[in-house]
Each structure stands twice: as C-alpha cells, then as structure tokens.
Amino acid sequence: MAEEKYLLEMTDITKEFPGVKALRGIQLKVKAGEVHGLLGENGAGKSTMMNCLMGIFPPTSGKIVFDGVERQHYGPRDALEFGVSMIQQELSPMQDRSIMANIWLGREPVNALGLVNWKKMYEDTKKVLQIIELDEDPRTLMKHLTVAKMQMVEIARAVSYNSKLIIMDEPSSAITEKETQQLFKIIRQLKAEGRSVIYISHKLDEIKEITDRVSVYRDGTYVSSANTADITQDQIIEMMVGRSVENLFPKVKVPIGDVVLEVKDLCHESLFRNISFTVRQGEIFGLSGLVGAGRTELMETIFGLRQRKSGTVRFKGKDFHPTCGKDSIDAGMAFITEDRRGNGIFPIQDIEFNSTIANIDAYVGPGRLLNLKKMREDCAEYIEKIAIKTPSQKQLIKNLSGGNQQKVLVARWLMTSPDIIIMDEPTRGIDVGA
Amino acid sequence: MGKTKNLKELMANNGTYVILIAMCVLITIVRPAFISVDNIMSVLNAATVYGCMALGMTYVIISGGIDLAAGAEVAFAGVLGASFGQTATAAAGKVFPGLPELPFIVPVFITLAAGFLIGAFNGFLISTFNTPPFIVTLGMTTVLRGATLLITGGQPVSNLTNGYVVLGQNLFGVVPSVVLVFLVLIVVDSVLLRRTVFGKSVYAIGTNERAAAVSGVKVPSRKIIIYAFSGLMCSVAGLIVAARANAIHPGAAVGYELIAIASCIIGGASPSGGTGSIRTTVVGALIISVLRNGLTLLKIESSWQTIAVGLVIVFACALDVRRNSSN
C-alpha cells in the first residue's frame with residue numbers, strides 16, 4: 001500500500017507542567033477530508049494535545065507537521081493563519097457584539113482610510129453563514145443566540161479563516177439531540193469540501209456515527225488508532241480504560257432500605273413543573289433528560305441553590321426546605337455539580353483547601369480555631385483512598401488533570417459523610433468505582 | 001545556572017521580603033540614621049493608619065472585592081467619634097455644644113460602631129443587589145465625605161479628651177501605643193484569616209463564588225461581614241488619626257484607600273481575588289513606609305515621594321500580572 005498522505009502529523013509529543021507529565025510521547029495523524037475522533041478519559045491528555053496544536057502553549061518536545069510543513073514556535077494566531085481552528089468546549093463569545101463582529105474580530109476589513117468597512121463585513125459574513133446554512137442576520141447580537149447557534153458562528157469563523165482543520169472539543173455537550181444532528185450535517189458538508197475535523201467527545205454513539213477514524217489516548221500516552229467502521233463500541237471502551245468492560249463497574253450488592261429522599265410536585269417559576277420521585281437508601285437513582293430539560297436546575301433547587309415555587313421535598317423523613325447550600329450539607333446531602341470549573345473547583349487554591357472546604361465546620365476546635373493538622377491528615381487520607389494523582393496536597397487544583405480534579409471534588413463530598421450524593425453529569429471525566 | 005534559578009525561585013516566593021530587606025540595607029548604607037530605634041519606630045508609626053486600613057482591605061481584596069470608601073470611612077468614623085470626645089470647655093466650637101465630657105470608652109465605641117455599620121451597609125448593598133463593589137464603595141465615598149462635612153460644618157474637631165491624648169502620645173518603652181495597637185491587630189487579623197471558618201470562606205468567595213455557595217459558604221452574609229470588618233479596621237485608623245493630632249479634620253485620609261489597596265497588592269494579593277495574606281500585606285505597607293522614610297532621609301521633597309510611591313504601585317501591579325500569567 002502506498003504511503004498515505006496526512007494533513008496533520010504530530011509525533012512524539014511530550015508536555016510537562018510543573019510536577020505533572022501531561023503528555024508522554026503521543027502521536028496523532030489526521031488525513032485530509034476525514035473526521036477524526038479523539039477518545040480518552042479526562043486526564044488522558046486530549047485537551048493538552050489540542051492546546052499544543054493550537055499554539056496556546058508549546059510542547060516540551062516533539063514534532064508537528066501540518067500541510068507538509070514542520071511547524072515550530074507558533075502562537076494561536078499563526079495556527080489560525082496556517083489553517084487550524086478550534087471550537088472550544090466552553091464558548092466565550094463577546095455577548096454584547098454582533099455575529100459579524102465576533103467572526104471578524106481582529107481582522108476587520110478596512111477601507112482606504114483605515115476605518116472598518118462595515119458593508120463588506122456584512123456581505124462577507126452573509127456568505128460564510130450561507131455556507132453553513134445558518135439563517136441569522138449578521139448584525140444579531142451573540143447573546144440572543146442559543147448555545148448551538150453560537151457554536152455555528154464559531155464554525156463560521158473557522159470557515160472564514162479557510163481552515164483546513166477544525167477541532168471541536170465536546171461540541172455536543174451543551175446542545176440538544178436535534179441540534180447535534182444539524183451539527184453533524186455541517187460536519188459532513190465541511191468534509192465534502194475537503195476539510196478535516198477533529199471531533200472530541202465522550203459520547204461513543206456520536207463517535208460511531210460521525211467519525212471516519214479514531215485515536216485513543218490514556219494517561220498521556222497514545223494507545224492506538226483505527227477505522228471507526230472496523231471496531232465496536234466495547235472495543236473502544238476497552239482501549240480507553242485499559243481493562244475489559246465487564247469488570248469496569250463491578251456491581252456491589254447493597255440492601256435497598258427506606259426512602260431517603262422524596263420529591264413531590266416540585267415546581268420552579270419557569271424551569272420545570274410537577275416533578276415527583278423517591279430515592280431509597282442504597283439506591284443509585286438515575287435522572288435523565290436532554291440538555292435544557294431542567295435536570296441541573298432541578299437538582300440545584302433540591303439542594304437549595306434556587307428557589308422553588310411550590311411542591312415538597314422530604315429528606316430522611318423530615319420536611320426539607322433548604323435556603324442555601326449549607327443547610328443541605330448540614331442535613332447530609334452532597335452535590336457534585338456538572339460545571340466543574342464554574343461552580344466546582346477553587347482553581348487557585350490547593351488540594352487541601354478544595355477537599356476540606358465543604359466539611360470545614362468539622363475542624364473547628366477550641367477558641368473557634370481550625371485544626372489545621374487534622375485537615376492535612378484527612379486530605380492525605382483521601383488522596384490515598386481514591387488515588388488522586390498529585391505530587392503533594394499543596395498542589396493547586398488547577399494544575400491537576402480534569403479527572404483528578406473531579407476526584408478531589410468527590411473527596412470533598414465524601415468527607416461530609418453524606419446520606420445522599422447528587423451527581424450531575426459526573427461522566428464529564430471520572431473513573432472512580434466509588 | 002543553578003544559582004540564577006535559586007535566585008529566581010527566591011524572588012518568586014519571597015520577592016517582597018527580599019525587596020523590603022534590600023531597601024533597608026541600601027538606605028542604611030547611605031544614611032546610617034535609618035536603622036536607629038527612633039527612626040524604625042517612626043517608620044512603623046507612619047504605617048499604622050493606612051496599615052490598619054490595609055488589614056481590612058486584605059479581606060476585601062481576597063474576597064475579590066474592593067473598598068474604595070475606606071478613606072472616607074476613616075474620616076467619617078473618626079470625626080463622628082471625636083464629636084463625642086471633646087473636652088467640656090473646648091475652645092473652638094464644639095460639634096455638640098451642650099455635651100459634657102464623656103468617658104473615653106464612649107467615643108471609642110461610637111467610632112468603631114460607625115465604621116462597622118457603614119461597612120456592613122456597603123456589604124449589604126453589594127450582596128443584596130449584586131452591585132459591583134467598585135461602584136457601591138465609590139458612591140459611598142461621596143456620601144460619607146458629605147456626611148462628614150455636615151457633622152463638622154467643615155471645621156476640624158479638636159480639643160479631644162485625655163483618652164485621645166494617651167492613645168496618641170503614650171509610649172510603651174520605646175513603642176508608641178498606636179504602633180502597639182497596629183501590631184496586636186496584625187496578629188488577631190492574621191489568625192482570623194488563616195485559622196477560622198470565616199477566613200477560609202473569604203478565600204472561597206474570592207476564588208469561585210458559585211463553588212463557594214455549593215460548598216456551603218453563606219456568601220451574602222459573609223460578604224456583609226467582610227465589608228463590615230474593613231469598616232471596623234478603618235474606624236481604628238480614624239481613632240488613631242484623631243488621637244495623634246488631638247484633632248481630626250473632615251478631609252482626613254483622602255486618598256488613603258489607594259495606599260491601603262497598594263499595600264495589599266505590593267505584598268502579593270491579586271486584585272482578582274483568592275490570594276493574599278495579612279503577612280504579605282504588612283510587608284507591602286512597610287515597603288511604602290520605608291520608601292517614604294528613606295526618601296525623607298535623603299532629603300527628597302514630598303512631591304517626589306508621592307510620585308515614587310505611585311510608580312512602585314504600578315510596578316507591583318505589573319509584577320502581579322506577570323506572576324499570574326507565568327502560572
């Protein structure tokens with residue numbers, strides 16, 4: 001077979017952060033015009049690798065060849081110029097500016113006087129929006145768009161740069177199923193135009209549907225690549241976790257006890273109506289629904305972070321009406337939130353702080369002073385118990401990988417010895433069998 | 001190579017200490033009088049007013065906020081308290097002419113309560129209406145300056161009772177009592193910040209407010225306490241201002257909030273919240289005080305001193321940005 005031609009070749013890439021080796025000699029090869037799936041648990045190094053590719057930070061060592069040229073020492077701007085763009089998982093557009101201002105940011109077309117040529121900008125924007133079939137006026141403000149449409153605008157921006165490679169980091173995590181189908185349509189169209197897409201997702205059915213090939217990573221190392229059509233979902237999982245699937249979640253027999261939580265006719269002003277369910281002791285209760293169905297909001301309401309309009313919640317046989325997170329914690333409830341960065345971790349504080357903060361009342365000693373020694377010991381105990389990978393407990397949590405950050409959050413809530421743990425989308429990176 | 005790395009690390013971790021010591025050594029070489037006990041006490045004494053303000057400001061800045069009303073709080077609380085602390089026969093018009101001479105505890109209590117309540121009100125506005133601290137405290141500055149003028153009719157409040165005189169002029173050995181007050185507050189505030197649930201919640205709010213709420217921090221009520229605490233520290237500063245001169249002018253402490261904020265930032269607190277400590281703030285305050293003292297010893301005019309302090313503040317902020325981006 002003839003040597004295949006690749007659009008992108010990343011070989012032997014390593015990346016070290018202070019105290020952490022995030023990438024250990026990984027590789028990635030993407031052909032022109034293919035949709036390439038990137039798989040791996042959080043902490044496997046996918047985001048780090050993409051940041052290296054985008055020039056957000058340089059790899060410690062390794063080679064990046066794009067479009068036949070070796071690329072060295074470049075920044076995000078250069079990456080955009082030579083044809084790579086990235087749709088971030090968490091979009092951060094300028095909400096108060098128009099679609100066209102967002103697309104042409106920093107490279108607005110100018111007229112002879114050096115002033116912005118709004119007319120040309122408007123026309124150009126119309127053209128790119130047409131390509132991706134987004135029916136919006138270029139002057140619409142970003143804040144009036146749905147998350148899915150903001151994503152489309154990001155894609156339009158990538159198209160406007162004439163990018164040969166577009167990286168999409170978990171694009172479907174914040175949009176509905178219907179919108180995802182729309183996204184897939186655009187991806188196929190991009191592909192038809194000869195562009196390549198790197199598609200990062202945890203949702204294996206999507207990977208199966210949209211990608212041509214996949215590469216799998218684990219703990220900062222490269223596992224293997226394969227044609228999507230040739231492998232099954234189970235095989236992919238096996239590559240991702242390095243064990244076979246059967247023993248991944250060993251089911252422990254736990255006697256199911258009395259009702260712990262009883263939610264009845266719970267209503268919110270606008271977000272959800274008449275929700276009722278019960279959870280028994282020792283039970284794992286699954287709550288599903290599309291994004292936007294109000295799951296997160298429902299759980300936040302039960303936990304006391306939002307105000308309910310009507311309905312009752314009974315917790316451990318008593319009427320439960322928390323007005324803030326503290327009430328719920330004191331009652332024995334724990335809440336691992338969906339948005340780890342938004343309302344989970346305290347990035348610039350150390351692991352010790354992050355793990356003990358919810359349980360802090362337990363360390364108040366004589367004179368209302370905190371027992372710092374006990375806090376250190378407990379933190380050390382949990383680092384060992386749930387295998388948090390870190391050089392020291394004084395490490396700032398932002399320096400850990402996503403999966404390890406999540407483990408610290410699990411530690412935070414286990415320390416409060418809760419009777420019930422609410423987990424909102426915990427699969428956004430977790431591999432603990434706790 | 002190894003050596004430069006060590007130096008770099010030393011600077012990164014203890015940069016402000018190194019700068020402070022280097023400044024002291026340099027000034028001592030040029031003007032040996034710097035290192036005398038008297039002069040050191042005067043360095044500390046000069047730092048007490050904005051130093052006290054900076055202690056409270058440290059809490060506010062770590063929580064991700066700012067208290068621009070600090071200077072006005074000093075003046076208002078100081079003036080209001082002093083109005084109840086004038087001698088029975090104050091020569092130049094009393095604020096409350098009919099008022100007999102009250103025990104010192106009364107003006108002290110009124111000063112502290114005024115600062116605390118004003119701060120609490122700031123915190124209330126900030127947490128209840130979710131208004132930016134910058135705007136709320138900027139507005140309160142004007143309100144308080146106006147109120148201060150209203151109380152005093154624009155005149156200084158003078159002829160204060162013996163309690164003020166003792167606080168302002170008494171020495172414990174070689175240590176002025178106001179310096180002693182400052183030192184005690186440093187210890188108390190440091191313990192409060194490092195070793196209490198309240199202290200931890202200040203860091204939690206400043207690092208990630210939403211995560212703090214989920215983790216059981218009562219954010220609104222904590223914020224009220226944080227600003228009340230800043231107000232309280234300002235009222236101590238107001239008490240010291242009045243005690244030192246045995247009088248307090250309604251225009252006292254204008255612009256001091258900036259020196260207090262600068263002390264925190266020079267020490268290493270980030271204006272974006274989540275970092276900082278009492279220890280580093282004190283070092284920051286001392287750097288400013290040593291700088292001013294050294295320039296005075298070098299016979300450099302006070303206008304130039306002000307310019308120098310300003311430049312140091314800008315430089316320190318630039319360093320902070322670098323520190324953060326290198327992480």
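## Exercises on a two-chain model

Chain A has 14 helices and 16 strands. The model you are looking at is predicted. Let's work through it together.

**Exercise 1.** Find out how the radius of gyration of chain A fits with that of a compact globule.

*Solution.* Start with the extent: the C-alpha trace of chain A spans about 70 × 45 × 45 Å along its principal axes. Next, take the length, 434 residues, for which a compact globule would have a radius of gyration near 22 Å. Chain A has 24 Å, so the value agrees with the globule rule. Now look inside: 37% of the residues of chain A count as buried, where buried asks for 20 or more other C-beta atoms within 10 Å. Finally, consider contacts between residues at least 6 apart in the sequence of chain A: 66% of them join residues at least 24 apart.

**Exercise 2.** Locate the kink in helix H2 of chain B and inspect what follows the helix.

*Solution.* Begin by tracing H2(B) over residues 37-62. The kink is centred on Thr48(B) and amounts to about 50°. Then move past the helix to Gly64(B), where phi is positive, near 90°.

Note on methods:
Residues are numbered from 1 along each chain as its sequence is written. Chains are lettered from A and ligands numbered from 1 in the order in which they are written. This is a predicted model: local features need pLDDT of at least 70, side-chain atom pairs count only at pLDDT 80 or more; totals for chains, interfaces and linings use all residues. The bend at a residue is the angle between axes fitted to the seven residues ending there and the seven starting there. Helices (H or I, at least four residues) and strands (E, at least two) are DSSP runs, numbered from the N terminus. The radius of gyration is taken over C-alpha atoms; the globule rule is 2.2 Å times the number of residues to the power 0.38. A residue is buried if 20 or more other C-beta atoms lie within 10 Å of its own, exposed if 12 or fewer, and partly exposed in between; C-beta atoms are placed from the backbone. Two residues are in contact if their C-beta atoms, placed from the backbone, lie within 7 Å.
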